Amino acid sequence: MALALEIRGLHASVEGKEILKGVDLTVKTGEIHALMGPNGTGKSTLANVLMGHPSYQVSAGEILFKGKNLVELAPDERSRLGLFMAFQYPVSISGLSVANFLRTAINSRRKAADPEDKGIGVPEFRRVLKEKMDMLKMPHEFAGRYLNEGFSGGEKKRAEILQLATLEPEIAILDETDSGLDIDALRVVSEGVNALAGPKLGILIITHYQRILNYIKPHFVHVMLDGRIVESGGPDLAEHLEERGYGWVREMQEEKAAEVL
Ligand code: ADP
Ligand code: MG
């Protein structure tokens, strides 16, 4: 049975300024959703609020997943529950290798599911990691490097997708995973996401540009303007945006508002 992440009437602010002004969105496992919109409309804010970033305050609404309201949970609890976010700007952690980071993350999840769990064995972990790195066309020496330290833009995004691949969440949020990628890196990252997509995973791709949607085909497309989702549709909505730009959505909104008056 499909699981659903349900966002209902979500209002959130940062530094006392309201950014999200009533967001409604449901993402189910097996579905790929694209959230598009001009810069500064609150897309990353939504992603951060979903993961529980401490700088953002939720003033109204709910985020429901597996019978829990995520608003009340800490980021690590949300992660263990099966939510994953690939950051627009991943942080570097010197001294922590990619392999150690991933192994710790896997073990922390296993322990949360079963307190008796002894953790993933080293040979099994190596096997899993190699398999996932091959899928993402990452050289194996990557595993020994410190997390994101000195990584190029494309390598950082690949490292994020590697985390997604090894953690096997049920809902993944990819914030501007396409930004800073050249066309080859974009293709590899997209192929990785496509290989992971399937009935057990729900994906929310956040992007300003239509470009990544040439490689990852969404089932649903949503447009955010000024902290709200103002249009939702199928993949053709992304194509309209590519042709006509976001100004077209603004005009449509204004026409709708005029009709009400
Ligand atoms: P998008 O991802 O759609 O480009 P963001 O969610 O990043 O938009 O930003 C929406 C608005 O919230 C912007 O006006 C931005 O300046 C503001 N904002 C986001 N995060 C912060 C923060 N941590 N501190 C201050 N302002 C923020
Ligand atoms: Mg953003």
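On a 1 Å grid over the protein atoms alone, a pocket is an open set of points where a 1.4 Å probe fits, with protein on both sides within 12 Å along at least five of seven lines, and its lining residues have an atom within 4 Å of a point. Grid points are joined across faces, edges and corners, and a volume is the space filled by probe spheres set on the points. The model is predicted: local features need pLDDT of at least 70 and side-chain atom pairs count only at pLDDT 80 or more, while totals for chains, interfaces and linings use all residues. Residues are numbered from 1 along each chain as its sequence is written, chains are lettered from A and ligands numbered from 1 in the order in which they are written, and side-chain values use heavy atoms, with hydrogens and water left out.

The largest pocket has a volume of about 630 Å³. Its lining comprises 26 residues, and Met51, Ser79, Phe87, Phe101 and Gln163 are the closest to the pocket centre. Two or more lining residues come from each of helix 1 (43-51), helix 2 (75-81), strand 6 (83-86), helix 3 (98-113) and helix 5 (153-167); helices (H or I, at least four residues) and strands (E, at least two) are DSSP runs, numbered from the N terminus. By class, 15 residues of this lining are nonpolar, seven polar and four charged. Here Ala, Val, Leu, Ile, Met, Phe, Trp, Tyr, Cys and Pro count as nonpolar, Asp, Glu, Lys and Arg as charged, and the others, Gly among them, as polar.

The second largest pocket holds about 310 Å³ of space. Of its 15 lining residues, Arg109, Thr166, Leu167, Glu168 and Pro169 lie nearest the centre. Helix 2, helix 3, helix 4 (122-135) and helix 5 each give two or more residues to this lining, and helix 3 gives the most, with three. The lining has six nonpolar, two polar and seven charged residues.

Ligand 1 is surrounded by 13 residues (a heavy atom within 4 Å), the closest being Gly40, Lys43, Ser44, Thr45 and Tyr56. Polar contacts are pairs of N or O atoms within 3.5 Å. Oxygen atoms of the ligand lie 3.1 Å from a polar backbone atom of Gly42, 2.8 Å from a backbone N or O atom of Ser44 and 2.5 Å from a side-chain N or O atom of Thr45. The protein covers 65% of the 560 Å² of accessible area (Shrake-Rupley method, 1.4 Å probe) that ligand 1 has on its own. Strand 2 (17-28) and helix 1 each give two or more residues to the shell, and helix 1 supplies the largest share, three residues.

The whole structure contains 12 salt bridges (a side-chain nitrogen of Lys or Arg within 4 Å of a carboxyl oxygen of Asp or Glu). One joins the side chains of Glu62 and Arg8 (3.7 Å, N to O). Glu62 lies in strand 4 (residues 56-65) and Arg8 in strand 1 (residues 4-14), so this pair ties together parts 54 residues apart in sequence.

Note on methods. Polar contact = N/O pair within 3.5 Å; in protein donor to acceptor, adjacent residues only side chain to side chain.
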